[in-house]
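Take a look at the model below. This report covers charged side-chain pairs and a metal site.

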Amino acid sequence: MAKEPSTEEILQAVELHVARHGITARLSSPGTADLSRQPLLDCRIVRSIEKREEGRRRVPGRPADVAGRETYTDLATHPLDPPSDPSTARKVELVLEGSLGEAPCDGCDGGRTDCERCAGRGRLECEPFVECEGCEGGIDACWECEGSGRPRPRGRRTDPRPADVRQRVRCVRCRRPDAACPACLGRGRTKCADCKGTGSVQCPGCKGARRLRHAECAGTGVFTTWTGAVISHTPEVRRVEQSAPLHLRQPTDGAGQWRRTVLTTATEKLPDDLDPRHRELILPHLALADGEVGRRVTVRRLPLARVTAHADPDRVYFAFPSHTGIKVVERPSRQRVVRFTAVASTTLAVAVLVLVLVLVVLG
Ligand SMILES: [Zn+2]
Ligand SMILES: [Zn+2]
Ligand SMILES: [Zn+2]
Ligand SMILES: [Zn+2]
Ligand SMILES: [Zn+2]
């Protein structure tokens with residue numbers, strides 16, 4: 001682990017950087033530079049939280065996996081290893097010793113029930129005959145007997161018999177030629193297309209099978225019952241950060257040589273070289289949590305120093321250890337940003353004024 005750079009080392013690194021701008025100053029001399037330590041922190045706390053829940057269970061059939069499950073006698077004291085990696089979730093299903101049983105389904109007979117729609121008959125009643133579509137079953141079934149089979153007395157019918165009789169056929173009831181509706185031959189009704197005149201159709205509910213699979217017991221006729229428990233390990237993640245200002249993030253994240261310490265128990269101490277401010281931030285989050293069975297606390301920190309050189313008021317320097325020595329990143333100082341903004345708005349005001357003058361002149 002790299003040791004924290006000294007003030008002297010930081011100022012020397014900044015001095016070299018400042019020289020690029022043609023400013024030569026001995027920054028380590030008193031009164032030439034200001035340095036403040038602003039270390040960064042990225043702490044990730046992953047806990048594994050255990051829950052134990054018990055209850056009566058009932059499932060259809062005889063699931064093979066239930067019989068093969070590990071058994072317990074006392075859930076609270078049942079031993080279960082803590083997870084090797086607290087960030088992975090886990091669920092262990094257990095069966096109370098001696099509680100496994102079987103109960104027949106009382107809603108069916110061997111997993112089957114009579115089809116409700118046909119009451120177990122497999123067929124549904126259906127009208128064998130339907131009204132003829134050609135004559136609608138009325139007096140037009142036959143010009144002579146009106147579908148009754150007895151020819152009516154001449155002249156009783158008020159409307160004249162049509163001259164064109166080609167569409168008419170011999171009536172099967174009164175036997176008169178060219179008188180009956182060709183669709184029903186004078187009967188006034190035709191065989192039902194659904195049952196072909198038989199008076200019954202296959203039940204669409206069971207497709208004629210009469211009995212159906214009982215959904216509640218999944219067609220098995222039995223239920224498996226037991227007292228079971230679930231022990232779950234659920235990861236909970238918390239993050240405690242002291243991050244760099246946004247304009248610095250990329251270089252410090254990418255090039256910074258972060259120090260890393262990993263703690264895996266609640267009794268382990270935070271590293272000695274941790275900044276007191278960071279220690280204060282992290283400590284409240286480290287108490288043993290309810291149901292905690294495992295943890296991994298990863299503490300990453302990067303020593304960061306902010307340096308300003310009196311001879312160079314336009315810039316602020318940030319120095320931090322990288323894999324290639326102390327890295328210095330420069331940013332415009334606040335005074336310079338303010339001044340630049342002021343200049344920019346003055347320029348804009350002047351530009352607007354010029355534009356107005358031009359418009360006035362042209363107008
Ligand atoms: Zn059943
Ligand atoms: Zn029918
Ligand atoms: Zn007739
Ligand atoms: Zn007809
Ligand atoms: Zn049916």
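Arginine 295 is buried, because its relative accessible area of 5% is under the 20% cut-off. Its salt-bridge partner is glutamate 292, with the closest N and O atoms 2.6 Å apart. Glutamate 292 is buried too, at 13% relative accessibility. Keep in mind that this is a predicted model.

The whole structure holds 19 salt bridges.

| Salt bridge | N to O distance |
|---|---|
| Arginine 295 and glutamate 292 | 2.6 Å |
| Arginine 315 and glutamate 330 | 3.5 Å |
| Glutamate 93 and arginine 69 | 3.6 Å |

Glutamate 93 and arginine 69 link distant parts of the chain, 24 residues apart. Glutamate 93 sits in strand 4, while arginine 69 lies in the loop between helix 2 and strand 3. Glutamate 93 is partly exposed at 41%. Arginine 69 is buried at 18%.

The side chains of arginine 315 and glutamate 330 also meet in a salt bridge. This pair joins strand 16 to strand 17, across 15 residues. Arginine 315 counts as buried at 18%, whereas glutamate 330 is partly exposed at 26%. Elsewhere, salt bridges with shared partners connect Asp42, Arg239 and Arg300 in one network.

Now the metal. Which residues coordinate the zinc ion (ligand 3)? They are Cys142, Cys145, Cys171 and Cys174, each through SG, at 2.2 to 2.3 Å. Along the chain, the donors follow the spacing C-x2-C-x25-C-x2-C. The arrangement is tetrahedral because the four donor atoms subtend angles of 106 to 115°. Cysteine 142 is buried at 0% relative accessible area, and cysteine 145 is buried at 3%.

Note on methods: Residues are numbered from 1 along each chain as its sequence is written. Chains are lettered from A and ligands numbered from 1 in the order in which they are written. This is a predicted model: local features need pLDDT of at least 70, side-chain atom pairs count only at pLDDT 80 or more; totals for chains, interfaces and linings use all residues. Side-chain values use heavy atoms; hydrogens and water are left out. Donors are N, O and S atoms within 2.8 Å of the metal (3.2 Å for Na, K and Ca); water is not among the atoms, so sites may look incomplete. Four donors count as tetrahedral if all angles lie between 85 and 135 degrees; four count as square planar and six as octahedral if opposite donors are over 155 degrees apart and all others between 65 and 115; anything else is irregular. Buried means under 20% relative accessible area, exposed over 50%, partly exposed in between (1.4 Å probe, protein chains only). A salt bridge is a side-chain nitrogen of Lys or Arg within 4 Å of a carboxyl oxygen of Asp or Glu. Helices (H or I, at least four residues) and strands (E, at least two) are DSSP runs, numbered from the N terminus.
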